[in-house]
Amino acid sequence: MKVEFNGETINIDHEQTIQEFITAKGARPPFAVALNGTFVSRTELPGVTLNDGDKIELLSPIQGG
């Protein structure tokens with residue numbers, strides 16, 4: 001199955017939730033996640049299973065002055 005993560009196409013070999021996927025990618029809070037352009041709250045992440053062709057965007061805040 002192929003998914004797109006922050007613009008990069010990635011092959012995954014088994015069914016995963018968004019939580020499992022982004023944890024494997026090293027995501028650390030705080031962050032926001034969008035699936036196919038729709039915000040997914042942190043409490044929903046463990047219950048949403050990825051499907052072929054899904055597009056995941058992981059956004060982390062940037063500090064600056």
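**View 1. Contacts of isoleucine 56.** Isoleucine 56 touches Val3, Glu4, Phe5, Asn6, Phe21, Ile22, Val33, Ala34, Leu35 and Leu50, leaving out residues up to four places away in sequence; contact means heavy atoms within 4.5 Å. The model is predicted, so local features need pLDDT of at least 70 and side-chain atom pairs count only at pLDDT 80 or more, while totals for chains, interfaces and linings use all residues. Residues are numbered from 1 along each chain as its sequence is written, and side-chain values use heavy atoms, with hydrogens and water left out. Phenylalanine 5 has isoleucine 56 as its bridge partner in S5, and leucine 35 stands opposite isoleucine 56.

**View 2. The nonpolar core.** The largest nonpolar core holds 16 residues, and Ile18, Phe21, Ile22, Val33 and Ile56 have the most contacts inside it. S1, helix H1 (18-24), strand S3 (32-35) and S5 each give two or more residues to this core. H1 gives the most, with three residues. Such a core is a set of buried Ala, Val, Leu, Ile, Met, Phe, Trp, Tyr and Cys residues joined through side-chain atoms within 4.5 Å. Buried means under 20% relative accessible area, exposed over 50%, and partly exposed in between, with a 1.4 Å probe and protein chains only. Buried residues make up 32% of the 65 residues in the protein.

**View 3. The five-stranded sheet.** The open sheet has five strands in the order S2-S1-S5-S3-S4, with mixed pairing. S2 and strand S4 (38-40) are the edge strands, each pairing on one side only. From one strand to the next the twist averages 30°; the axes are lines fitted to C-alpha atoms, for helices over the stretch in contact, and angles run from 0 to 180 degrees between N-to-C directions. Two strands pair if DSSP finds at least two bridges between them. S3 and S5 are antiparallel and share four bridges, whereas S1 and strand S5 (residues 55-59) are parallel and joined by two bridges. Helices (H or I, at least four residues) and strands (E, at least two) are DSSP runs, numbered from the N terminus.

View 4. In strand S1 (residues 2-5), Val3 and Phe5 lie on the covered face, and Lys2 and Glu4 on the uncovered one. S1 runs antiparallel to strand S2 (residues 8-11), with four bridges joining them. Phenylalanine 5 stands opposite glutamate 8 in S2. Two residues lie between the strands of this hairpin, in which asparagine 6 takes a positive phi near 50°.

View 5. Asparagine 11 belongs to strand S2. Its relative accessibility is 57%, so asparagine 11 counts as exposed. Apart from neighbours within four places in sequence, asparagine 11 is in contact with Met1 and Lys2. Glycine 47 is 36 residues from asparagine 11 in sequence, and their C-alpha atoms are 21 Å apart.

**View 6. Overall dimensions.** The C-alpha atoms fill a box of roughly 40 × 25 × 20 Å along the principal axes. Of the contacts with a separation of 6 or more, 51% join residues 24 or more positions apart.
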